[in-house]
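Student: I am new to this structure and would like a close look at a single part of it. Could you take me slowly through the charged side chains that pair up, and then through what lies around them?

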Amino acid sequence: MNQRIAQISLVVDDYDEAIAFYTQKLGFDLVEDTVMSPTKRWVIVKPVGEGSCQLLLAKAANDEQKSRVGNQTGGRVFMFLHTEDFDRDYQNLLQNGIEIIREASVEEYGKVAVFADLYGNLWDLVEKKA
């Protein structure tokens, strides 16, 4: 048996600004952008590399969904972006003006920093110890 989480929905304010952030600032790949209706698109982005869980960028369609944009986990870290080159990716965050919530540090398990995406969702950038 083989199971995996393939996609996670991330509620966003605007498709195009979310695509720009994830592809241009974080360097993710745009996997799909399909128009479903005048107000809905099927937009998938993913980190570069094999085996990554994909993000389905879902535009908030009502007030309840809009209230969740940027705070889908009640202020906890939402996503964990693992990397093989922490220093390169951390510098990329800084160079792209991405808000650093907790500066880079070395922990028992490896290097880590916390950053916020364009809406305020918190992410860990992690390089695990070998």
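Tutor: Asp33 is partly exposed, with a relative accessible area of 34%, where buried means under 20% relative accessible area, exposed means over 50%, and partly exposed covers what lies in between, for a 1.4 Å probe and protein chains only. This is a predicted model, in which local features need pLDDT of at least 70 and side-chain atom pairs count only at pLDDT 80 or more, while totals for chains, interfaces and linings use all residues. Residues are numbered from 1 along each chain as its sequence is written, and side-chain values use heavy atoms, with hydrogens and water left out.

The side chain of Asp33 meets that of Arg41 in a salt bridge, at 2.7 Å from N to O; the term stands for a side-chain nitrogen of Lys or Arg within 4 Å of a carboxyl oxygen of Asp or Glu. Arg41 also forms a salt bridge with Asp16, at 3.0 Å from N to O. Because Arg41 lies in strand E3 (residues 41-46) and Asp16 in helix H1 (residues 15-25), this pair ties together parts that are 25 residues apart in sequence; helices (H or I, at least four residues) and strands (E, at least two) are DSSP runs, numbered from the N terminus.

By the same rule, the salt bridges number five, and among them is the one between Glu64 and Arg68, whose closest N and O atoms are 3.6 Å apart. Here Glu64 counts as exposed, at 54% relative accessibility, while Arg68 is partly exposed, with a relative accessible area of 40%.
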